[in-house]
Amino acid sequence: MARRSGSSGRWLSRQQRDPYAGRAVSRALFKLEQLDKRFRLTAGSCVALELGASPGGWTEYLAPRCRRLVAVDLLPLANTPRGTRFVLGDAGDPRVQEQIEEALCGGADLVLSDMAPNMSGNKVVDQARSMELVECAVAAAARWLNPGGRLVVKMFQGAGFDEAMLEIRAAFVRVALAKPPASRAGSREVYAVADME
Ligand SMILES: C[S@@+](CC[C@H](N)C(=O)[O-])C[C@H]1O[C@@H](n2cnc3c(N)ncnc32)[C@H](O)[C@@H]1O
């Protein structure tokens, strides 16, 4: 039998030990489920704007729990659940924002961002890009969140993180940081959950 290379062998053994592997459209769905259990994000009938939706784990989780769901990504969804309005494009692009505006038909109770850049391998560049995506999500929350609404935003610990947290703390009344169990222990990702007055 052919021997596996070191990296594919490590990948396989990580997959075999991973309780979340292969159980949903994406592992991300479990992270959102865990955040929802802790913060009761989808309690009540909410309108949600989801940024960074592809391949669609969060969308699959949110669609049956929301009155209206607008999902946005540079890439298509694997499936578009019934009742979901999908907008293809860059969440920072004004033409895409026009489509979001039209699809929301008003404000949102929940703005969620799981956006992450395509990793280049250059840590400085990747961290700067991920912080730009946090800025983009905070701007979307400022524009569309209803009073009393909530922002959930993925962030990567590293350069710019403390400054972004200061900005979020200044704009929201309560902010918590959470690392759901489904988020890989070695990853620098955390989620900020922020409540608007
Ligand atoms: C970690 S994945 C999201 C996983 C998704 N939440 C799920 O449950 O399947 C990050 C996504 O962010 C998207 N993304 C990155 N930059 C973006 C941007 N400027 N506008 C919209 N989506 C973006 C990427 O295309 C990618 O699909």
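Two residues are in contact if their C-beta atoms, placed from the backbone, lie within 7 Å. By that test, Leu104 touches Val47, Leu49, Val70 and Trp144, leaving aside residues up to four places away in sequence. The model is predicted.

**Overall layout**

The chain holds six helices and seven strands. Along the sequence they follow the pattern α-α-β-α-β-β-α-β-α-β-α-β-β. Of the 197 residues, 34% count as buried. Among contacts in the chain with a separation of 6 or more, 57% join residues 24 or more positions apart.

**The sheet**

Seven strands form an open sheet with mixed pairing. Their order is S3-S2-S1-S4-S5-S7-S6. The edge strands are S3 (84–88) and S6 (174–178), and each pairs on one side only. On average, neighbouring strands of this sheet are turned by 15° against each other, direction ignored.

S1 and S2 pair in the parallel sense over six bridges. Val47 has Arg68 of S2 as its bridge partner. Ala48 stands opposite Leu69 in S2. How enclosed is S2 by the rest of the structure? Six of its eight residues are buried, so S2 is largely enclosed. In a regular strand the side chains alternate between the two faces of the sheet.

**Helices on the sheet**

H2 packs on the sheet and touches S5 (145–156), S6 and S7 (189–195). The direction of H2 makes about 35° with that of S7.

H5 covers residues 123–144 and lies across S1, S4 and S5. H5 runs at about 175° to S5.

The buried residues of H5 are Ser130, Leu133, Val134, Cys136, Ala137, Val138, Ala140, Ala141 and Trp144. They pack against S1, H4, S4, S5 and H6. An α-helix has 3.6 residues a turn, so residues three or four places apart point the same way.

**Two long-range pairs**

Leu104 is found in H4. Is Leu104 buried, partly exposed or exposed? Leu104 has 18 C-beta neighbours inside 10 Å, so it counts as partly exposed. Trp144, one of the contacts of Leu104, is a buried residue of H5.

Glu167 sits in H6, residues 161–171. Glu167 is partly exposed, because 13 other C-beta atoms lie within 10 Å.

| Pair | Separation in sequence | C-alpha to C-alpha distance |
|---|---|---|
| Leu104 and Ala48 | 56 residues | 8.4 Å |
| Glu167 and Val138 | 29 residues | 8.9 Å |

**Backbone exceptions**

Most residues other than glycine have a negative phi, and most peptide bonds are trans. Some residues here depart from that pattern.

Arg40 has a positive phi of about 50° although it is not a glycine. Arg40 lies in the loop between H2 and S1. Is Arg40 buried or exposed? Arg40 counts as exposed, because it has 10 C-beta neighbours inside 10 Å.

Cys105 also has a positive phi, near 55°, and is not a glycine. Cys105 lies in the loop between H4 (94–104) and S4 (108–113). With 10 other C-beta atoms within 10 Å, Cys105 is exposed. The cut-off for exposed is 12 or fewer.

Which residues does a cis peptide bond join? The bond lies between Ser54 and Pro55, with omega about 5°. Pro55 is placed in the loop between S1 (46–51) and H3.

**Around the ligand**

There are 24 residues around the ligand. Ser26, Ala28, Gly52, Gly57 and Asp114 come nearest. By class, the shell has 15 nonpolar, six polar and three charged residues.

Terms used
Residues numbered from 1 in each chain as written. Predicted model: local features only at pLDDT ≥ 70, side-chain atom pairs only at ≥ 80, totals over all residues. Near = placed C-beta within 6 Å. Nonpolar A, V, L, I, M, F, W, Y, C, P; charged D, E, K, R; others polar. Helix = DSSP H or I, 4+ residues; strand = E, 2+ residues; numbered from the N terminus. Buried ≥ 20, exposed ≤ 12 C-beta atoms within 10 Å, placed from the backbone. Pairing = 2+ DSSP bridges. Axes fitted to C-alpha atoms, helices over the stretch in contact; angles between N-to-C directions.
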